[in-house]
Amino acid sequence: MKTILLIEDNDFIRENTAEILELTGYTVRTAADGQAGVTQALAERPDLVLCDIMMPVLDGYGVLHIFNQNPRLTGVPFIFLTAKTERADLRRGMALGADDYLTKPFEKSDLLSAVSGRLSRFQHLKPAYDLRANGLPEFLADAQKAGSLASLSADRRPHAVPRKQIIYAEGDEATRLYFVQAGRVKISKTTAAGKELITGICGAGEFFGYRALLAGAPHHDAAVALDDSTLLYIPADDFTQLLLRNPEVSQQFVRMLANRADQQDDQLLDLAYGSLRKRVADSLLHLHAQQLLLAPADPLIQLAREDMAALIGTTPESLSRILSEFRQDESIELTPKFIKVLLPDKLRRSNW
């Protein structure tokens with residue numbers, strides 16, 4: 001059951017509106033002024049706010065400003081109730097981020113329609129999108145509707161990026177979010193001595209570059225195309241507004257960030273305590289799983305020895321020695337151009 005916070009200083013309007021909403025099935029909490037309303041919202045986050053503009057103590061604009069600034073309240077759908085219809089007042093409210101207006105006196109049907117519309121604006125966002133099967137345009141289109149963002153990702157045309165091209169370098173300003181439509185991109189860091197460590201490989205259907213955008217800082221790593229790739233760009237402002245206006249979208253990116261952090265924790269643990277044989281085997285299994293998604297019929301791992309060594313944290317010579325051992329026990333097929341995992345279970349059992 002959805003909870004609505006109704007902030008209105010007129011006793012008659014407050015009681016009558018609350019009764020209509022309760023009869024419809026909503027849980028309604030009321031406040032007679034803006035300050036009392038903010039206190040209630042902080043105690044229990046509502047699903048939607050109906051708020052008068054002209055009130056004592058704290059007016060509706062002040063309430064909305066607090067909602068926009070407080071992380072606990074950001075993203076709550078906000079509808080103004082107002083008897084003032086001057087265009088300047090409407091512009092001010094929309095500039096602050098109001099979702100809708102109801103002009104008093106309003107009809108019961110208008111009230112319920114506005115409330116239902118705001119509460120359902122996120123419901124068409126799916127729990128997950130198949131980004132490898134053209135799901136990104138669907139995700140962005142749905143997110144655009146949910147957030148009322150007219151210009152979300154206007155530049156969605158594919159950008160061809162040739163192999164070995166630097167997409168961004170360490171220290172570059174973060175200006176956009178990237179999505180891999182085809183090909184692969186390596187994410188890496190370089191030591192002061194010039195030694196590279198690959199922290200991730202992004203394939204088709206994956207985002208990258210969002211950590212710097214979320215941190216509001218320059219890129220702390222570099223991104224380089226491993227293959228001839230196709231990328232889609234999402235401007236930083238669109239990405240930021242999308243997260244601010246859509247809690248469900250924010251949660252998806254938080255989950256991606258958390259998963260990436262978990263992967264890097266595992267990588268650090270392996271670098272610190274895992275044997276080289278285990279690290280090579282784990283990397284082969286991970287790359288094999290990625291290729292199974294992209295080419296189930298023939299999942300060949302095509303990665304330069306230098307890049308694979310940088311991914312594992314070893315030298316190309318040491319990597320070649322371990323790969324030769326796996327080839328001898330027939331766990332993998334090894335050629336100058338590709339590696340094919342033949343027996344994943346055997347590789348998994350022999351990785352110690």
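**Stop one: aspartate 52**

Select aspartate 52 and, skipping its neighbours within four places in sequence, you'll find it in contact with Ile7, Glu8, Asp9, Gly60, Phe80, Leu81, Thr82 and Lys104 (contact means heavy atoms within 4.5 Å). Before going on, note that this is a predicted model, where local features need pLDDT of at least 70, side-chain atom pairs count only at pLDDT 80 or more, and totals for chains, interfaces and linings use all residues. Residues are numbered from 1 along each chain as its sequence is written, and side-chain values use heavy atoms, with hydrogens and water left out.

Aspartate 52 sits in strand E3, residues 48-52; helices (H or I, at least four residues) and strands (E, at least two) are DSSP runs, numbered from the N terminus. Is aspartate 52 buried or exposed? At 4% relative accessibility, it counts as buried (buried is under 20% relative accessible area, exposed over 50%, partly exposed in between, with a 1.4 Å probe and protein chains only). An unreviewed UniProt entry annotates Asp52 as "modified residue: 4-aspartylphosphate"; such annotations may be inferred rather than shown by experiment, and positions follow the numbering used here, with feature names shortened.

Most residues other than glycine have a negative phi, and most peptide bonds are trans. Now select lysine 104, one of the contacts of aspartate 52. The peptide bond from lysine 104 to proline 105 is cis, with omega near 0°. Proline 105 belongs to the loop between strand E5 (100-103) and helix H5 (108-119).

Next, pick valine 57, in the loop between E3 and helix H3 (60-69). Its phi is positive, about 70°, although valine 57 is not a glycine. Valine 57 counts as exposed, at 62% relative accessibility.

Lysine 164 is another one to click: phi is near 75°, a positive value in a residue other than glycine. You'll find lysine 164 in the loop between strand E6 (159-161) and strand E7 (166-168), and it is exposed, with a relative accessible area of 60%.

**Stop three: helix H11**

Jump to residues 305-312, helix H11. Why is H11 largely enclosed by the rest of the structure? Six of its eight residues are buried, so the rest of the structure largely encloses it. The buried ones are Asp307, Met308, Ala309, Ala310, Leu311 and Ile312.

Zoom in on aspartate 307, which is buried at a relative accessible area of 14%. Setting aside neighbours within four places in sequence, aspartate 307 touches Lys186, Glu196, Ile198 and Leu226. Just after H11, select glycine 313, which takes a positive phi of about 90°.

**Stop four: H11 against H12**

To show the contact, select Arg305, Glu306, Met308, Ala309 and Ile312 of H11 with Pro316, Leu319, Ser320 and Leu323 of H12.

**Last stop: zoom out**

Show the whole chain: it has 13 helices and 16 strands. Of its 352 residues, 47% count as buried.
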